[in-house]
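Please keep the sequence and the structure in view while reading.

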Amino acid sequence: MSLSYSVGERVLCYHGPLIYEAKVLKAEVWDESNTKTAAVGPHFFVHYKGWKQTWDEWVSITRLLKYDETNVALQKALTNQASAAAASSSGASKGKGTSGGTSTTGTGTGRARKDGRGTKRGREEDDSHRKPEMKLNVPEALKVQLVDDWEAVTKNNQLVPLPRNPNVLDILLEFKDHIIKMGKQTNLRDPELILPTIISGLQVYFDRSLGANLLYRFERPQYAEIRKTYVTGPKVVVGQEKEMSAIYGAEHLLRMLVSLPQMVASSTMDAESVGLVKDYVNELLVFLVNERSRFFLTEYESSSLQYQNISRS
């Protein structure tokens with residue numbers, strides 16, 4: 001069996017919700033007779049660049065990415081998203097949380113590549129408490145979407161035109177109907193009982209996390225305009241304010257979904273709940289990629305055109 005990665009190859013490797021540069025030290029195909037972790041198939045022993053050797057580990061092929069321009073851009077996009085979340089959670093009282101920051105507070109993985117001492121301290125805490133880990137299977141097409149989204153906003157100074165149609169709530173309700181219609185064809189546990197809670201939880205988390213965690217710096221003026229138009233402005237009728245899940249769409253929903261593992265890592269969720277959320281979110285990612293031509297934009301707009309559209313709303 002030929003292996004997709006070779007010994008000595010420079011690669012990118014998922015560790016929790018983030019991606020780090022690594023080097024393949026060994027490559028093996030495991031079966032029931034020689035597996036080291038009860039898993040089977042191709043596995044690779046990797047060393048993370050800048051980390052102590054104590055963190056070298058065997059990983060499955062699903063955690064590895066080729067070291068190329070697209071995957072490096074994905075790495076940067078996820079790191080920027082995590083930095084925004086960490087800055088928000090550690091500095092909310094100061095009101096200084098902005099995306100693209102350099103804050104290294106938060107989970108231990110947040111500073112793993114550059115600070116060995118911080119990494120060790122974070123890993124020791126993780127090892128002692130062993131909080132359940134949420135591993136998402138992000139389809140390749142959605143990884144490309146994340147990269148394109150990041151480049152459009154941060155490099156091209158473009159914005160997602162708002163309000164979006166369908167919006168986040170529309171998409172979540174479509175997903176709910178889709179799963180219910182599948183009936184016994186789905187492997188998800190008790191969908192009729194659990195789905196309403198999952199959908200409600202994702203909507204609430206989106207509404208609460210958007211302004212704090214999910215925006216790039218260039219998007220903040222647009223967000224302020226949206227808030228004024230639909231929530232706080234003088235023309236907004238009391239009782240008719242709109243949640244952000246009724247304004248934003250798939251682009252920002254995807255940003256939230258890939259940030260969920262970090263949220264789970266800092267939560268008090270038990271292993272069973274984490275497993276349930278993981279299964280449903282992975283199914284939602286499949287739904288998003290299958291419907292991506294309807295849900296995601298192919299082009300963003302310049303900021304000046306976007307503000308004209310908002311003012312006419």
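Axes are lines fitted to C-alpha atoms, for helices over the stretch in contact, and angles run from 0 to 180 degrees between N-to-C directions. With that convention in hand, helix 5 (residues 191-214) and helix 7 (residues 250-265) can be described as packing at an angle of about 90°, their axes lying 10 Å apart. Because angles of 65 to 115 degrees count as roughly perpendicular, helix 5 and helix 7 are roughly perpendicular to each other. The model discussed here is a predicted one.

**Overall make-up**

The secondary structure of the chain comes to ten helices and seven strands. Of its 313 residues, 46% count as buried. When contacts between residues at least 6 apart in sequence are considered, 70% of them join residues that are at least 24 apart.

**Helix 5 and its two partners**

Two packed helices are described by the angle between their axes and the distance between the axes.

| Helix pair | Angle | Axis distance |
|---|---|---|
| Helix 5 and helix 7 | about 90° | 10 Å |
| Helix 5 and helix 8 | about 80° | 11 Å |

On the helix 5 side of the contact with helix 7 stand Leu202, Tyr205, Phe206, Ser209, Leu210 and Leu214, and these meet His252, Leu253, Arg255, Met256, Leu257, Ser259, Leu260 and Met263 of helix 7. By residue class, the contact of helix 5 with helix 7 divides into ten nonpolar, three polar and one charged.

Helix 5 and helix 8 pack at about 80°, and they are therefore also described as roughly perpendicular to each other. Here helix 5 contributes Pro191, Ile194, Leu195, Ile198 and Leu202, while helix 8 contributes Leu276, Val277, Tyr280, Val281 and Leu284. The residues in the contact of helix 5 with helix 8 are ten nonpolar, no polar and no charged.

Leucine 210 is found in helix 5, and because its relative accessibility is 0%, leucine 210 counts as buried. Not counting residues up to four places away in sequence, leucine 210 touches Leu215, Tyr223, Met244, Tyr248 and His252. The C-alpha atoms of leucine 210 and arginine 255 are separated by 9.4 Å, although these residues are 45 residues apart along the chain.

Tyrosine 248, with the same exclusion of residues up to four places away, touches Leu162, Arg164, Asn167, Val168, Phe206, Leu210, Leu215, Tyr223 and Ile226. Which residues have the most contacts inside the largest nonpolar core? They are Tyr248, Leu257 and Leu288, in a core of 79 residues. Helix 8 (residues 271-290) supplies the largest share of this core, namely ten residues.

Five strands form an open sheet in the order 4-3-2-1-5, and their pairing is antiparallel. Strand 4 (57-60) and strand 5 stand at the edges, each with a single partner strand, so one side of each is left without a neighbour in the sheet. Neighbouring strands of this sheet are turned by 50° against each other on average, with direction ignored.

Going along the sheet from strand 4, four bridges pair strand 4 with strand 3 in the antiparallel sense, and among the residues involved, phenylalanine 45 has tryptophan 58 in strand 4 as its bridge partner. Strand 3 (residues 41-48) is largely enclosed by the rest of the structure, because seven of its eight residues are buried. Eight bridges pair strand 3 with strand 2, again in the antiparallel sense, and valine 29 has proline 42 in strand 3 as its bridge partner.

Strand 2 (residues 18-30) is in turn joined to strand 1 by six bridges, and these two strands run antiparallel. Is strand 1 (residues 10-15) largely enclosed or largely open? Five of its six residues are buried, so strand 1 is largely enclosed by the rest of the structure. Three bridges pair strand 1 with strand 5 (residues 64-66) in the antiparallel sense, and valine 11 stands opposite lysine 66 in strand 5.

Note on methods:
Residues are numbered from 1 along each chain as its sequence is written. This is a predicted model: local features need pLDDT of at least 70, side-chain atom pairs count only at pLDDT 80 or more; totals for chains, interfaces and linings use all residues. Side-chain values use heavy atoms; hydrogens and water are left out. A nonpolar core is a set of buried Ala, Val, Leu, Ile, Met, Phe, Trp, Tyr and Cys residues joined through side-chain atoms within 4.5 Å. Buried means under 20% relative accessible area, exposed over 50%, partly exposed in between (1.4 Å probe, protein chains only). Contact means heavy atoms within 4.5 Å. Angles under 35 degrees count as roughly parallel, over 145 as roughly antiparallel, 65 to 115 as roughly perpendicular and the rest as oblique. Ala, Val, Leu, Ile, Met, Phe, Trp, Tyr, Cys and Pro count as nonpolar, Asp, Glu, Lys and Arg as charged, and the others, Gly among them, as polar. Two strands pair if DSSP finds at least two bridges between them.
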